[in-house]
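Here's a quick briefing for anyone meeting this protein for the first time. Have a look at the structure, then read on.

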Amino acid sequence: IERLSNICRSNYGDVGVTAALSTDISIIGNLCNGNGKNGIECDGVVRGTISGNVCDGNTNHGILLTEYGPPSGTSYSGSVDGTAISYPTVISNKDVVVIGNTCSRNGQFGIDVIGQSRVSILNNVIADNNTSNTNISTSR
């Protein structure tokens with residue numbers, strides 16, 4: 001999945017760019033400004049690059065990486081990246097690189113990583129966000 005060079009602005013109550021339960025993603029060179037939730041959100045992604053994006057003035061986070069969890073009362077069986085899963089299963093982000101992004105003036109964190117994720121955060125410009133600049137939490 002590739003999300004390249006898009007402008008995602010003022011999506012009321014939603015996210016600029018999102019990827020969930022995906023493998024081998026590239027989210028590169030996007031402008032995500034003034035969205036109702038997050039600029040970029042990845043849930044349960046395996047192998048991905050988030051690079052060269054500008055996430056500015058979003059209601060919540062510039063970039064959010066969180067676990068994918070089942071909706072309540074859902075029954076599901078299938079596979080993600082060749083691995084069989086069935087609910088209830090929580091899928092964390094694995095091998096995702098967040099590099100060279102600019103995250104500023106967001107309502108909460110510039111970059112927020114939630115859950116047991118394997119994520120590398122390198123050489124980003126993160127400034128002037130409301131809550132803090134970067135948050136890494138191991139609980140939901």
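A salt bridge here is a side-chain nitrogen of Lys or Arg within 4 Å of a carboxyl oxygen of Asp or Glu. This is a predicted model, where local features need pLDDT of at least 70, side-chain atom pairs count only at pLDDT 80 or more, and totals for chains, interfaces and linings use all residues. Residues are numbered from 1 along each chain as its sequence is written, and side-chain values use heavy atoms, with hydrogens and water left out.

**The whole protein**
- The protein has 17 strands and zero helices (DSSP runs: E, at least two residues, for strands; H or I, at least four, for helices; numbered from the N terminus).
- Of its 140 residues, 41% are buried (under 20% relative accessible area, with a 1.4 Å probe and protein chains only).

**The five-strand sheet**
- Five strands line up as S2-S5-S8-S13-S16 in an open sheet with parallel pairing (a pair needs at least two DSSP bridges).
- Strand S2 (7-9) and strand S16 (125-127) sit at the edges with a single partner strand each, so one side of each has no neighbour in the sheet.
- Strands S8 (residues 54-56) and S13 (residues 102-104) run parallel and are joined by three bridges.
- Val54 stands opposite Thr102 in S13.

**A look at Glu41**
- Glu41 belongs to strand S6 (residues 40-43).
- Glu41 is buried but has no salt bridge, and Lys37, the nearest side chain of opposite charge, is 6.6 Å away (Lys and Arg count as positive, Asp and Glu as negative; His and the chain ends are not counted).
- Beyond its neighbours within four places in sequence, Glu41 is in contact with Val15, Val17, Thr18, Ala19, Leu64 and Thr66 (heavy atoms within 4.5 Å).

Definitions and conventions:
Buried < 20%, exposed > 50% of the residue type's maximum accessible area, 1.4 Å probe, protein only.
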